[in-house]
Amino acid sequence: MDIHQIIKLKINNKVKSKFKSIFRSIFRSIFRSIYKLPFIEKPLPEYPFGKKIWANKQEYTLLHKEALKVNDNEVKDFESEYGFSLNTNWWSDLALHTQVVIKPEKLNFFHGRLLYTVLSRYISNLSDKNSHLTILETGTARGFSAICMAKALIDNQCPGFITTIDSIPHNKPIYWNCIDDSMGPRSRAALLKKWSLELRKIIFLQGWTNTVIPKLGLERVNFAFLDAQHTKESVLSEFLYVFERQLIGDIIIFDDVTEKIFPGVCEAVREIENNYPYEVHRIKFSDQRGYAIATKTS
Ligand SMILES: C[S@@+](CC[C@H](N)C(=O)[O-])C[C@H]1O[C@@H](n2cnc3c(N)ncnc32)[C@H](O)[C@@H]1O
């Protein structure tokens, strides 16, 4: 093969790979647009955290220890202002199994304490102590936040249920990128077996929030935690469902109200604050993690 043939071959290969990448990106955008059509549902993830173990027990234990070193003085101040605090040994153990994961961001599970404290005070302010509370959560993940809210219901002897939605299945054994993976794939139900009292207070639903929420038959949503897809559109559409079912004093908590990382969530919260009857209290327990507590005012 002479030099001209080699150059020709190289050019041909370059042209071929350029065409391939153009076709690939056209294919990808067609694929994405298909799932935007209202009548085509995006498939649910089968193995959201992959099919392999991410780390061993020691690595997860070390990460847990590191996360617990973070100063929690601001959380403590918040708890004493509200008058309720979650048992930290209980919280830390639940976090080890459901919050300690391999990810680039720093681990932070203070939201479990925030949810417990705010929900406990909401319960203590109820005029009818036998009211059955309806709590809605979007974004279950491994169940940490739902279990913390269930604990608040139990500790405050409040009847009620938490409905929690995620695209991840509840009964299928999978790897979760967590410490218990060393014992093989397990379902969320099995992962949370130790918290059986709390589990009795939770209804786990699998699906995309935009398809599950319209099918829910909830009359009232006393308390909600919105923590699924962190886009403005998604947060606002979940909010609208809750808003129509809340009365004065009812609460919505938003996670990840952190401008640099989740601008969509922050925009949604600003829109709610400006256009709906909610008083919004923003909280920051660290630079990378903000929350908003929205209380209905009229
Ligand atoms: C930040 S995690 C939730 C963490 C959980 N609330 C906790 O504190 O442990 C977000 C979860 O939302 C789920 N999710 C994201 N978008 C969703 C959607 N559109 N519908 C249903 N689930 C969704 C993800 O699968 C993920 O488990």
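These legends walk through several close-up views of one predicted model.

**Figure 1. The whole chain, for orientation.** Before zooming in, here is the setting. The chain is built from 11 helices and 7 strands. Of its 298 residues, 35% count as buried.

**Figure 2. Helix α5, residues 110-124.** Helix α5 has 15 residues and reaches 21 Å from its first C-alpha to its last. That span is close to the 21 Å expected at 1.5 Å a residue. The helix is largely enclosed by the rest of the structure, because 13 of its 15 residues are buried.

**Figure 3. Helix α5 packed with helix α6.** As a reminder, two packed helices are described by the angle between their axes and the distance between the axes. Here α5 and α6 (residues 144-155) pack at an angle of about 30 degrees, with their axes 9 Å apart. That angle is under 35 degrees, so α5 counts as roughly parallel to α6. The crossing of α5 past α6 is right-handed. On the α5 side, look for His111, Gly112, Leu115, Tyr116, Leu119, Ser120 and Ile123. Facing them from α6 are Phe144, Ser145, Cys148, Met149, Lys151, Ala152 and Asp155. Sorted by type, the residues of this contact of α5 with α6 are 8 nonpolar, 4 polar and 2 charged.

**Figure 4. Ser120, a residue of helix α5.** Ser120 sits in helix α5. Is Ser120 buried or exposed? Ser120 has 23 other C-beta atoms within 10 Å, and a count of 20 or more makes a residue buried, so Ser120 is buried. Leaving aside residues up to four places away in sequence, Ser120 touches Phe84, Ala152, Asp155 and Asn156.

**Figure 5. Helix α3 beside helix α5.** Helix α5 has another packing partner in helix α3 (residues 73-82). The axes of α3 and α5 come within 10 Å and cross at roughly 10 degrees. With that angle, α3 is roughly parallel to α5. The α3 residues in the contact are Val75, Phe78, Glu79 and Tyr82, and the α5 residues are Phe110, Arg113, Thr117, Val118 and Arg121. By type, this contact of α3 with α5 holds 5 nonpolar, 1 polar and 3 charged residues.

**Figure 6. Helices α10 and α11.** Now we move to another helix pair. Helix α10 (residues 232-243) and helix α11 (residues 263-275) pack at an angle of about 40 degrees, and their axes are 7 Å apart. This angle makes α10 oblique to α11. The crossing of α10 past α11 is right-handed. Lys232, Val235, Leu236 and Phe239 of α10 make the contact with Gly264, Val265, Glu267, Ala268, Glu271 and Ile272 of α11. The residues of the contact of α10 with α11 divide into 6 nonpolar, 1 polar and 3 charged.

Figure 7. Most residues other than glycine have a negative phi. Gln157 is not a glycine, yet its phi is positive, near 45 degrees. Gln157 lies in the loop between α6 and β2 (160-166). With 9 C-beta neighbours inside 10 Å, Gln157 counts as exposed. Asn177 also has a positive phi, of about 55 degrees, although it is not a glycine. Where is Asn177 found? Asn177 is in the loop between β2 and α7 (188-191). Asn177 is partly exposed, with 19 other C-beta atoms within 10 Å.

**Figure 8. Tyr47 and Trp176.** Tyr47 is placed in the loop between α1 (3-34) and α2 (57-68). With 13 C-beta neighbours inside 10 Å, Tyr47 counts as partly exposed. How many residues apart along the chain are Tyr47 and Trp176? They are 129 residues apart along the chain, while their C-alpha atoms are separated by 8.7 Å.

Methods: Residues are numbered from 1 along each chain as its sequence is written. This is a predicted model: local features need pLDDT of at least 70, side-chain atom pairs count only at pLDDT 80 or more; totals for chains, interfaces and linings use all residues. Helices (H or I, at least four residues) and strands (E, at least two) are DSSP runs, numbered from the N terminus. The expected span of a helix is 1.5 Å times one less than its number of residues. A residue is buried if 20 or more other C-beta atoms lie within 10 Å of its own, exposed if 12 or fewer, and partly exposed in between; C-beta atoms are placed from the backbone. Axes are lines fitted to C-alpha atoms, for helices over the stretch in contact, and angles run from 0 to 180 degrees between N-to-C directions. Angles under 35 degrees count as roughly parallel, over 145 as roughly antiparallel, 65 to 115 as roughly perpendicular and the rest as oblique. A crossing is left-handed if the near helix is turned anticlockwise from the far one by less than a right angle, and right-handed if clockwise. Two residues are in contact if their C-beta atoms, placed from the backbone, lie within 7 Å. Ala, Val, Leu, Ile, Met, Phe, Trp, Tyr, Cys and Pro count as nonpolar, Asp, Glu, Lys and Arg as charged, and the others, Gly among them, as polar.
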